[in-house]
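Here are my notes for a first look at this one. Have the sequence and the structure open beside you while you read.

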Amino acid sequence: MNYEYLMPATLDEAISNFRDHQGDAKYIAGGTELMHGIKAGQMRPECLISLRHIKELGQITSNDGKLRIGAMVTHRELELSTSLKRNFDGLIDAVSNIGTVQIRNVATIGGNLCNA
C-alpha cells in the first residue's frame, strides 16, 4: 500500500496535517498496532503522520504529586524510569508485564490508549 508519510515537529503542525487529509490520515507513534492493521488490510490510510519528532510528547514529568506521561513515551521508558519507581511503583509493575521487552521498546502509551 502506498501512503504519504509526514513528520511534523510540533503538535500544531501534526493537527494541521491531519485536518489537511480530512480524516484519511492516521497518527503513528511506535506503530505496533497501526502497522499490523495496515498489513492485515483492516485500514488503508492515505497518510501516516509520525509523532516521533514532537518533543513534548516524549516526556515524563512529575510535579507536586502529579504525573504527566507524553503519548510518545514507550512502556520501556516508564519501566526504567528511576523517578517513577520511587513514587509510582504500581505503574512500573503494571507496565513491566506488557508484552516482551522488544514490544515495550517501541509500544507507546498513546498508541495503546488509542487502540484499547
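The points below go from the overall picture to the sheet, its helices, the hairpin and the pocket.

1. First, what you are looking at: this is a predicted model. The mean pLDDT of the protein chain is 88, and 98% of its residues reach 70 or more. Among the elements, H1 has the highest mean pLDDT, at 95, while H2 has the lowest, at 80. As a reminder, where pLDDT is low, the predicted coordinates should not be read in detail.

2. Now the overall layout. The protein chain has 7 helices and 5 strands. Starting at the N terminus, the elements come in the order β-α-β-α-β-β-β-α-α-α-α-α. The C-alpha trace spans about 45 × 30 × 20 Å along its principal axes.

3. Which order do the strands of the open sheet take? It has 3 strands, arranged S1-S3-S2, and the pairing is parallel. The edges are strand S1 (4–6) and strand S2 (25–28), each of which pairs on one side only. On average, neighbouring strands of this sheet are turned by 20° against each other, with direction ignored.

4. For a closer look at one pairing in that sheet, go to S1 and strand S3 (residues 47–50). These two pair in the parallel sense over 3 bridges.

5. Helix H2 (residues 32–39) lies across S2 and S3, and H2 runs at about 140° to S2. Keep in mind that H2 is the element with the lowest mean pLDDT (80).

6. How do S4 and S5 pair, parallel or antiparallel? Strand S4 (residues 60–63) and strand S5 (residues 66–69) pair in the antiparallel sense, over 4 bridges. Together S4 and S5 make a hairpin with 2 residues between them. In the turn, Asp64 has a positive phi of about 55°. Asn63 stands opposite Lys66 in S5.

7. The largest pocket has a volume of about 450 Å³. It is lined by 23 residues, and the closest to its centre are Tyr27, Gly110, Gly111, Cys114 and Asn115. Two or more lining residues come from each of H1, S2, H2 and helix H7 (109–115).

8. Which element gives the most to the lining of the largest pocket? That is H7, with 5 residues. By type, the lining of the largest pocket divides into 13 nonpolar, 8 polar and 2 charged residues.

Notes: Residues numbered from 1 in each chain as written. Predicted model: local features only at pLDDT ≥ 70, side-chain atom pairs only at ≥ 80, totals over all residues. Heavy atoms only, no water. Pairing = 2+ DSSP bridges. Axes fitted to C-alpha atoms, helices over the stretch in contact; angles between N-to-C directions. Contact = heavy atoms within 4.5 Å. 1 Å grid on protein atoms, 1.4 Å probe; cavity = no way out; pocket = protein on both sides within 12 Å on 5 of 7 lines; lining within 4 Å. Points joined across faces, edges and corners; volume = space filled by probe spheres on them. Nonpolar A, V, L, I, M, F, W, Y, C, P; charged D, E, K, R; others polar. pLDDT = per-residue confidence, 0-100.
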